[in-house]
Amino acid sequence: MIAPHFIKTCGYLISTASVALLGFISWQSASQHPLLKLCLILGMVTSILGMFLRWLSYALEEHRGR
């Protein structure tokens with residue numbers, strides 16, 4: 001049986017990869033406009049940071065529960 005922690009970690013990694021892929025696809029059109037480029041970068045960074053913080057809080061709760 002696959003551990004729930006492993007599944008949740010994989011989910012966050014997949015979400016992070018999807019943010020990177022969508023950012024990569026959008027980069028060409030966004031790079032022509034400084035404001036769009038800034039928004040794209042900030043959106044990617046905040047999305048990945050938010051996923052990391054949610055994963056970290058889950059990991060800390062799991063560790064404390066043991």
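This is a predicted model: local features need pLDDT of at least 70, side-chain atom pairs count only at pLDDT 80 or more; totals for chains, interfaces and linings use all residues.
The protein has two helices and zero strands. Its radius of gyration is 15 Å, well over the 11 Å that the globule rule gives for 66 residues, so the protein is more spread out than a compact globule.

The surface comes next. Of the 66 residues, 14% count as buried. The accessible surface comes to about 5300 Å², and carbon and sulfur atoms account for 73% of that area.

Helix H1 covers residues 4–30. With 27 residues at 1.5 Å a residue, H1 should span 39 Å; the C-alpha atoms at its ends lie 38 Å apart, which agrees with that expectation. H1 also has a bend of about 30°, located at phenylalanine 24. The buried residues of H1 are Thr9, Tyr12, Val19, Gly23 and Ala30. Helix H2, residues 34–65, is included in what covers these buried residues of H1.

The cysteines remain. A disulfide is a covalent bond between the sulfur atoms of two cysteines. The structure holds zero disulfides. Cysteine 10 has a relative accessible area of 27% and is partly exposed.

Key:
Residues are numbered from 1 along each chain as its sequence is written. Side-chain values use heavy atoms; hydrogens and water are left out. Helices (H or I, at least four residues) and strands (E, at least two) are DSSP runs, numbered from the N terminus. The radius of gyration is taken over C-alpha atoms; the globule rule is 2.2 Å times the number of residues to the power 0.38. Buried means under 20% relative accessible area, exposed over 50%, partly exposed in between (1.4 Å probe, protein chains only). Accessible areas come from the Shrake-Rupley method with a 1.4 Å probe; for residues, only the protein chains shown count as cover. The expected span of a helix is 1.5 Å times one less than its number of residues. The bend at a residue is the angle between axes fitted to the seven residues ending there and the seven starting there. Contact means heavy atoms within 4.5 Å. A disulfide is a pair of cysteine sulfur atoms within 2.5 Å.
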